[in-house]
Amino acid sequence: MNANERQQQESVRILYTSASKLKQKLQDLLVTLQTQRETYDWPKYLNTLGLCASELVEIRKVLESERFSLAQALVLTPVRLNPEPDPALAKATDERLPRFDHDTAPQYLRTKLAPQVESQRMAQNAKASAIPPEQATKLVNLSNRLLDSGLKEVNALKQELETDLSEKTFKSSVNLDDLFTLVAAITTGANLSGKPAPQDTCK
């Protein structure tokens, strides 16, 4: 094994370790949400999300590092076809690929689209080619106008909702007792410098 192969192997090992940690944390979070939604410590949950973000940053650093550049062109395939189940392959693929036999190999080593997908793509291309350029341009312009109109309506509705919410917040934040105290202080000087509020002598 030369130096490049050792470097590729080490890069893949680091990436696999980080991905495994991230996978385990996400699984724990999902299980917690399903079983302890009402009683879970949410600050701890947010802390775990922060750890997941850290693992994603670590994976990104590995993928963007210079040492991983050679591994990006590395093709990983089983060494040989085997009709019998392969426990190591099943474990490495999370049971998605229990064996690499003659039926599985064409699907994973395919260099062309599946015949059904290829026929669908050709049909869509033929349908698109049958549309005259002028009509296609009109359809695109019409779609853009509809999208712009819908976007304007959404923005208008958003502004209206934000205005209503701000008005409701302002109304709910008014304290009548504080308001009356402020009015009394301005008009009669009540509660200023220890001066008591004047008594109403009119009966």
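Starting at the N terminus, the elements of the chain follow the order α-α-α-α-α-α-α, where helices are DSSP runs (H or I) of at least four residues and strands are DSSP runs (E) of at least two, numbered from the N terminus. This is a predicted model, in which local features need pLDDT of at least 70, side-chain atom pairs count only at pLDDT 80 or more, and totals for chains, interfaces and linings use all residues. Residues are numbered from 1 along each chain as its sequence is written, and side-chain values use heavy atoms, with hydrogens and water left out.

Next, select residues 3-35, which form helix H1, together with residues 42-64, which form helix H2; their axes come within 10 Å and cross at roughly 160°, the axes being lines fitted to C-alpha atoms over the stretch in contact, with angles from 0 to 180 degrees between N-to-C directions. That angle makes H1 roughly antiparallel to H2, a term for angles over 145 degrees.

Now show the side chains between them: residues of H1 including Ser11, Ile14 and Leu15 meet residues of H2 including Trp42, Tyr45 and Thr48, where contact means heavy atoms within 4.5 Å.

Then select Leu15, Leu22, Leu29, Tyr40, Tyr45, Cys52, Ile59, Val62 and Phe68, the 9 residues of the largest nonpolar core, which is a set of buried Ala, Val, Leu, Ile, Met, Phe, Trp, Tyr and Cys residues joined through side-chain atoms within 4.5 Å, buried meaning under 20% relative accessible area with a 1.4 Å probe, protein chains only. The largest share of this core, 4 residues, comes from H2.

Finally, centre on Leu15, which, leaving aside its neighbours within four places in sequence, is in contact with Ile59, Val62, Leu63 and Phe68.

Note on methods:
Parallel < 35°, antiparallel > 145°, perpendicular 65-115°, else oblique. Buried < 20%, exposed > 50% of the residue type's maximum accessible area, 1.4 Å probe, protein only.
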